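I opened the model to look up how its helices cross and how its aromatic rings pair. My entries follow.

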Amino acid sequence: MSRPMHLLRLWLVICALALPGAGVAQSLADDLVNGAGEPGATVSDPDVAGDAPSEDLTIPPVSDSLEAASLSLPGGPDYVAWEKVARQAEEVLDSDGASSLALEQLRDRLVEWRTEFQNAQSSNAGRIDILRRQIEALGPAPAEGEAEAVELAQRREELTSQLSRLLVPIRAAEEAYIRADGLIGQVDTVLRERQTRELLDVGPSPLFPTNWIEPLEQLAGVRNTLSSNLRSSWQNGVQQAALRKNIAPAIIVALIGLILVLRGRGWSMALSERLLTRSNRQQSTVIFAMLVSIGQLVLPQIGLVLIVAGVQITGVGGLLTDQILRTIPVMGVLIFGARWLGFHSFPKIEILPPPLEHDAAQRRAGRLWATMAGVSGALGALLVSLTAFSGITEEAAIFLNFPLILLGAFALFRLGQLLIRHNRESGEEIDEQTSKGFRARVVHLIGRAAVLMALAGPVMAALGYLKAGDFLISAPLSTLAVLAVVSLLQRFFSHLWALFFGRQDDGSDGLVAVLISFFILVLALPLLALIWGARVADLTEIWQQFLGGFTIGESTISPSNFLLFAVVFVLGYLLTRLLQGALRTSVLPKTRIDTGGRTAILSGVSYIGIFLAAVIAITAAGIDLSSLAIVAGALSVGIGFGLQTIVSNFVSGIILLIERPISEGDWISSGGVMGIVKKISVRSTRIETFDKTDVIVPNADLISGQVTNYTKTNMSGRLMVPVGVAYGSDTRRVAEILQAVAEEHPIVILNPPPQVVFTGFGADSLDFEIRVILRDVFSIIVVQTEIRHRIAERFAEEGIEIPFAQRDLWLRNPEAITAAISGAKAGGAAVEAEPVVPGTEASPPKAPESPSRAAARAGLTEGDLEGDGGGGGGGGDR
């Protein structure tokens with residue numbers, strides 16, 4: 001209950017400020033926050049200082065530099081009033097007697113002054129820049145002992161004097177800005193120290209029954225007050241008349257509200273279930289069911305508001321009753337909201353994929369304890385309301401909050417256990433390298449932290465640290481609620497993105513879905529910071545620092561600079577692409593430039609356009625990179641050695657695009673790679689081989705190595721087809737047939753005419769060769785196949801034989817076969833041998849027999865056989 005008690009404390013401070021007799025520090029704070037020293041005020045304004053300051057707070061005279069600064073900048077800050085504000089703020093901080101509320105308001109006033117000083121630092125920026133350029137135009141100042149022309153010296157002195165006068169208000173604004181920023185930092189330090197002391201404040205332990213006597217008496221007093229208000233209201237004649245007049249509409253409104261509270265959630269769940277079962281869970285249906293499920297929160301809340309309105313219509317009750325009635329809708333938001341988040345985190349009906357993996361019993365327990373957490377927060381809100389508008393003191397309220405701490409701690413403990421069990425019931429090993437494993441690991445760590453704080457909170461409260469114990473319970477519960485909302489929004493927008501692009505899956509694994517989830521989580525970070533003790537002023541300060549940017553050299557880069565840079569660069573990039581499209585579709589097709597030249601022009605336009613877009617964007621954003629020149633020069637040497645290969649390939653790519661020894665679509669061969677050039681980039685060239693594989697070749701290899709370009713000048717190329725005919729064929733007739741076959745093909749160029757060459761007498765055939773020039777060298781495989789088909793057809797018609805290789809096998813030592821056969825007969829073995837006809841010993845067999853088979857039949861070993869070059873003998877046609 002640290003946050004509600006903090007609000008109560010602020011209310012008590014307001015009441016204290018209204019009482020007389022406050023201290024000097026509080027009076028000074030009141031002067032500052034009630035209008036004294038307001039930015040933009042003038043010294044002559046009689047209301048600048050409010051009441052006259054005490055004698056020990058005499059304002060020192062303003063220095064001449066500040067007076068000059070005020071006079072040099074019309075409409076600028078009033079440094080006299082600022083000096084008074086700064087001195088009084090320093091007195092307040094030194095005395096440490098002002099309340100936290102007064103310090104917060106003092107900080108707001110100082111922030112206004114700091115903003116005014118920040119704006120004043122950019123005054124006369126244009127005039128100052130012109131003066132500096134004028135001084136630079138006069139040239140460098142002469143060195144010591146050197147003379148300069150009188151006219152130049154006078155002009156330099158005049159311009160320098162003007163520049164000095166214009167720099168006075170800027171320097172004064174810079175000094176005042178630093179002082180205001182320092183005072184703001186001191187205020188933040190004091191407030192953080194007070195917040196820490198308040199959180200760690202120790203009091204009586206709630207474990208001792210005697211400490212509960214006074215809180216329970218005050219709670220009984222509230223009950224008596226409430227009963228007295230109701231009784232007096234009922235006995236009042238005027239209110240009785242109003243009750244009789246408004247009883248009918250009050251009952252109708254209250255009944256409608258009661259029906260919504262009791263049945264609204266069930267109606268919403270039934271409608272969602274009906275949508276999901278009838279439409280096969282399409283993306284649009286899932287999103288609509290998600291929107292319908294909001295009725296589980298909205299309908300009961302509307303019903304609760306109607307019930308309160310019905311009671312208020314009767315006019316029964318008093319101030320305390322009205323305050324309780326105004327608190328009931330807030331309690332409803334906490335209870336119904338917690339139950340709705342529990343429904344989506346531990347769903348009974350899976351509208352969206354559940355963020356946690358549990359069985360049905362665990363989901364039911366999760367919904368129960370999420371609701372109990374909401375009940376704990378709702379009762380805490382009611383206690384804060386009673387503390388602020390009844391006789392319950394802050395100390396008593398802290399004691400009465402102890403049972404709520406126990407209830408919240410038990411709910412937090414059980415929710416933490418469910419988070420730990422996430423994805424562990426299946427028994428599968430979780431790979432933490434995947435996104436699912438990473439999320440499971442994060443959920444597991446959050447669950448362990450929740451269990452630890454659920455145990456530490458009641459212990460701290462039992463020891464007397466009631467505020468710290470309440471913080472250790474309320475902050476984790478609020479964090480779990482925020483994370484549940486973040487998870488719900490991430491899943492909802494993932495489905496919405498999938499619906500927008502027509503995808504069937506939820507799109508949760510896509511890059512866009514991940515970026516959306518990250519953006520939602522970043523938006524939730526300020527809320528999480530507020531939950532864990534950050535002040536709104538702290539977040540505002542961080543935001544102002546972010547908007548102020550960071551400094552590189554003499555340049556300050558802010559988010560606006562980044563945004564301007566991005567906008568200008570994107571516009572330049574789009575214009576470059578638009579120009580490329582116009583050249584590609586309208587201009588280049590009407591010229592005689594070949595495909596490679598068009599590609600080179602388009603690539604050059606792309607590189608130049610992107611470079612100019614980057615330069616213009618940097619200039620428009622006001623980013624001065626001159627201060628980085630020295631660093632860039634020092635790094636260029638080391639980078640040059642490390643990136644010399646990349647630079648070489650880049651330069652080679654530029655040469656390829658300019659000289660165009662190869663172009664996209666060319667058929668080249670380089671370094672054992674043959675294929676078609678598909679793309680030439682600044683670093684490498686992609687070649688698609690005839691096997692449909694891509695080979696990435698560095699551009700330096702194409703410039704320094706040997707490259708064969710088959711289609712550089714034209715698309716024609718030569719085809720050679722070897723042909724062999726049997727010995728005894730008419731060579732003249734063969735040449736005529738081959739010449740006719742070559743000339744009749746439509747792709748073959750007739751000028752120069754095809755040639756048929758009689759290349760020689762081969763071992764198995766008479767060898768011829770057809771040499772033709774093709775119009776399209778890319779058709780060489782098709783033409784070669786068609787010509788061979790035609791040759792086979794013509795040779796079959798003319799009876800010309802296309803031979804095939806034949807070989808005769810002979811034995812160098814036939815006497816060994818005879819001896820082997822004789823030995824076999826002497827041994828009694830029966831050997832069957834083919835009869836040998838006299839005079840035909842040297843005749844070849846009708847069917848060739850393998851050497852291994854003949855040796856086996858003759859009973860020879862492997863060493864008895866010797867072949868002539870692998871069994872080859874003379875090669876003649878049969």
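**Helix crossing**

The model is predicted, so I noted the limits: local features need pLDDT of at least 70, side-chain atom pairs count only at pLDDT 80 or more, and totals for chains, interfaces and linings use all residues. Residues are numbered from 1 along each chain as its sequence is written, and side-chain values use heavy atoms, with hydrogens and water left out.

I then took the geometry: the axes of H25 (residues 731–743) and H26 (residues 780–798) come within 10 Å and cross at roughly 140°. Axes are lines fitted to C-alpha atoms, for helices over the stretch in contact, and angles run from 0 to 180 degrees between N-to-C directions. H25 is therefore oblique to H26 (under 35 degrees is roughly parallel, over 145 roughly antiparallel, 65 to 115 roughly perpendicular, and the rest oblique).

I listed the contact residues (heavy atoms within 4.5 Å). H25 gives Arg733, Val734, Ile737, Leu738, Ala740 and Val741, and H26 gives Ile787, Arg790, Ile791, Arg794, Phe795 and Glu798. By class I read eight nonpolar, no polar and four charged residues (Ala, Val, Leu, Ile, Met, Phe, Trp, Tyr, Cys and Pro are nonpolar; Asp, Glu, Lys and Arg charged; the others, Gly among them, polar).

**Aromatic pairs**

How many aromatic pairs does the structure hold? I found 14. Rings of Phe, Tyr and Trp (its six-membered ring) pair if their centres lie within 6.5 Å; planes under 30 degrees apart are stacked, over 60 edge-to-face and the rest tilted.

Tryptophan 369 and phenylalanine 410 have ring centres 4.9 Å apart and planes at 75°, so I logged the pair as edge-to-face. Tryptophan 369 is in helix H13 (residues 360–389) and phenylalanine 410 in helix H15 (residues 402–420), so the pair ties together parts 41 residues apart in sequence. Helices (H or I, at least four residues) and strands (E, at least two) are DSSP runs, numbered from the N terminus. Tryptophan 369 is buried at 13% relative accessible area, while phenylalanine 410 is partly exposed at 41% (buried is under 20%, exposed over 50%, partly exposed in between; 1.4 Å probe, protein chains only).

Phenylalanine 758 and phenylalanine 768 have centres 4.5 Å apart and planes at 10°, so this pair is stacked. Phenylalanine 758 is in strand S9 (residues 755–761) and phenylalanine 768 in strand S10 (residues 766–774), 10 residues apart. Phenylalanine 758 is partly exposed at 37%; phenylalanine 768 is buried at 3%.
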